[in-house]
Amino acid sequence: IPVCLSPRLYTLRPGKSQEFVLVLDTSKSMRLFNRIGRVKEAAKRFLELDIGDNVPVGIVQFSAQGPNLTRIVQEIVPVNDVNRPAILELIDGLELHLQTCLGDGLKLGLQALKDYGVKSGGILIFLTDG
């Protein structure tokens with residue numbers, strides 16, 4: 001059995017921070033079984049517990065077609081202790097509308113990344129009942 005007497009050492013460093021977009025379903029079906037309440041709670045917990053300072057996050061809501069029903073609610077911004085409370089309030093204020101235009105939510109999530117200058121990568125997190 002060969003024995004390695006000179007091991008190779010590697011230094012692991014985290015990559016640059018990823019950009020996140022929460023894409024939240026605000027269609028009427030989300031009222032059943034308090035799905036919207038659970039989505040809001042999950043999104044807020046993510047922002048409070050998992051997102052460190054200066055991690056870029058945006059929020060898209062999707063339901064029916066229309067500029068006020070499927071839209072970028074929060075452009076991507078580096079989250080910090082100053083703006084985090086306002087973003088959490090924004091999530092609490094989301095209202096339900098008809099239909100589920102998932103494709104439009106996807107397009108706006110990608111648009112939010114593009115608007116922030118992301119040319120490749122970025123993470124879309126969909127919270128939906130389908």
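A: Happy to! Let's look at strand β2, which spans residues 55-62 and forms a right-handed β-α-β unit with β1 and helix α1 (residues 35-50). This is a predicted model, in which local features need pLDDT of at least 70 and side-chain atom pairs count only at pLDDT 80 or more, while totals for chains, interfaces and linings use all residues. Residues are numbered from 1 along each chain as its sequence is written, and side-chain values use heavy atoms, leaving out hydrogens and water.

Helices (H or I, at least four residues) and strands (E, at least two) are DSSP runs, numbered from the N terminus. Right-handed means that, with the strands pointing away from the viewer, the path from the first strand over the helix to the second runs clockwise.

How covered is β2? Eight of its eight residues are buried, meaning under 20% relative accessible area (1.4 Å probe, protein chains only). On one side sit Val55, Val57, Ile59 and Gln61; on the other sit Pro56, Gly58, Val60 and Phe62.

Now for the neighbours. Strands pair if DSSP finds at least two bridges between them. Strand β1 (residues 20-25) runs parallel to β2 over six bridges, and Leu22 has Ile59 of β2 as its bridge partner. Strand β3 (residues 71-79) pairs with β2 in the antiparallel sense, also over six bridges. There, Pro56 stands opposite Pro78 of β3.

How values were computed:
Buried means under 20% relative accessible area, exposed over 50%, partly exposed in between (1.4 Å probe, protein chains only).
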